[in-house]
Amino acid sequence: MYGLTLVAKVTLISIGMYHAIVYFFPLAGTQSTYGVTHNQGHSRHSIPNIPVGNAECWPASDNEPADIDHTPMVCKFKNLCYSNILHTFFILRSGGTETVFLKDVHITPLKGIIDNFLPHWLSPDDDVMIYRHRHRYFQTGHYIMFSRIAGSNIAHDIHDVLLPMFYTYNFTGLVEPAHTLFLINDKSGFGGTEDLYRIFSSDAVVDGYLEFSLLPDDAAICYEEVLVGFSKSPIWYDWGVGRIPEKPLNETILTSDHVRGFTSYAKERFGISEICDPVPYGILLTRKMNRKILNSNDLQTTLSRELGMEITELSMEFNSISEIIRKVSCARFAIGMHGAILILTMFLSPGAPLVEMFPYAINPDNQRLFQSMIQLPGMGIEYATWKNMDESKSTIAPKLASAAGFLKLRKTERDDILGRSEVPPKICCNDVEQSYRMYHDTIVDIPAIVDIVKRTIR
C-alpha cells in the first residue's frame, strides 16, 4: 500500500564517528589510504580523470506550489564530486557546454537546513579544483544526501528527515529505490536513534564523516548518482529557526493516514506485531539527564494503584527504540515530561491518550510539537497537559545551569529570568532562559496528574 519494498532496499550513511567498519585497501595508481565499507554492490576505485556530471530537478511532490523558485525540489546529480581541498561539492561540466543550474532551488523540507548544499559547476580547465586533486576516486552506487537541523534528537530525526523521506520516496513514487542515505555537515552521529535509521536500510550504516576525513587531504571523490531533497508537505511544525517563535504550521497535508503508514512500516521492519496483549498497562516516559521527574517512582506506584494496571517506565537512556515502540503501540495511555521521546507517541493506538507534563515557567502553548501531532486529523488520540506552577518543586543541578549559559549572565540578567514565572516565546535555538528552565527537574503533583489521567482514559 505504501511502497514499503522501496524503502526496504535503502542503505544508510551517516556522519557520526560511530558504527563504521574501517579497513585498509590499495588503490591502483595511488598511495594506499583508508576507506569505509559501503553496501554490497558498491565499489570504489581510483580514476585518472574526474568525470563530467549533470543534474536535473523536479518538484518533490504533487502538492508543491508551481513556482519553481520557491518549490521544494528533488535534484538528481550524476557524478557529484566532493573536494577534500576546499571541503565542498562540485560537478565537472563538459568543455564548451553551458549548463544551467537552478541555484535558488529549495532542495530540503525545511528552508535553511542545507540551502548552501548546491555544488559548484566547474570547467575542465579549472586547475584549482581539478588538477590539484592528486587522489581521485569514483564510488559506484545510488545515494540520498541530506542534513539535519539538530543531531541526535529523535523528534527532529522523525519530523525533519524520516517522515518527509518516507512520504517523498514512497507515497509519491518519484524515484527508483535502493539508495544509500548520506548525512552531510554533521559530526553528532545518531546517538540512540541509529536503530530507527537502520530500519530504512537493507545493509549496514556507513559513516559519512569518516568517508571524507579518512581520504587524503588532496583527494576528490565522485559519486555515481546522488539524490537531494524531500517534500516539505508532510511537515507539521515550524521550529522557528532564526525567524519567529516555534509553532504548528497553519497548513499541512499530513493526516493520520501518513503517520499510520510510517508507523506501520517501522513496526514491520522492527518485527513488532500489530496484535496486542489484552492485559492493559500504561506508559511513563522519562528522562535521565535533565528535566527529570524526581518522584517518578511514587508517580508510577500511585498510577498503578489508582488505575488498577501496570505502569511501565521507559526512557531513551535505558530502552531501545524498538522496545519503546513495541510498548507504546499497545499501551492504554502514555504520560511523560516534555521531551523528544514523546515523538514516539505517534505509535499510540487510536483512543490511547497522551498526557504531557511541563517544567516550571514553560508554557505548553509555546511548545506544541506533540500536541499538534496527536491532534492531526484522524489520529483519534486525546491530549492533555500538566504544568508545574510551584517553583519550590523545581530544581536544577549547577552543571546544567552552567550548560544552559545561565551562570555566565550578568547578575541583573539572571535576576530578570528568576523574576519571571513564564518564559516568553523564543526563537530557536540557543536561548539561555529557555534552556535554563527546560533543564530543571520537577517534583510533580501526583494527585493532580492521576486525576488528569483518569479523565483522559474514561
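In strand S19, Ala-384 is the bridge partner of Val-355. The structure is a predicted model, in which local features need pLDDT of at least 70 and side-chain atom pairs count only at pLDDT 80 or more, while totals for chains, interfaces and linings use all residues. Residues are numbered from 1 along each chain as its sequence is written, and side-chain values use heavy atoms, with hydrogens and water left out.

Strand S18 (residues 354–358) runs parallel to S19, and five bridges join the two. Helices (H or I, at least four residues) and strands (E, at least two) are DSSP runs, numbered from the N terminus, and two strands pair if DSSP finds at least two bridges between them. S18 and S19 belong to an open sheet of five strands with parallel pairing, in the order S16-S15-S17-S18-S19. Because strand S16 (310–314) and strand S19 (383–387) each have a single partner strand, they stand at the edges, and one side of each is left without a neighbour in the sheet.

Helices also meet this sheet. Helix H6 (residues 296–307) packs on it, touching strand S15 (281–285), S16, strand S17 (333–337) and S18, where contact means heavy atoms within 4.5 Å. The direction of H6 makes about 150° with that of S16. Helix H12 (residues 446–456) lies across S17, S18 and S19, and runs at about 175° to S19. For these angles, from 0 to 180 degrees between N-to-C directions, axes are lines fitted to C-alpha atoms, for helices over the stretch in contact.

What of the charged pairs? A search of the whole structure finds 18 salt bridges, each a side-chain nitrogen of Lys or Arg within 4 Å of a carboxyl oxygen of Asp or Glu. One of them joins Lys-78 to Glu-225, with the closest N and O atoms 2.7 Å apart. This pair links distant parts of the chain, since Lys-78 lies in strand S6 (residues 73–83) and Glu-225 in strand S12 (residues 219–228), 147 residues apart.
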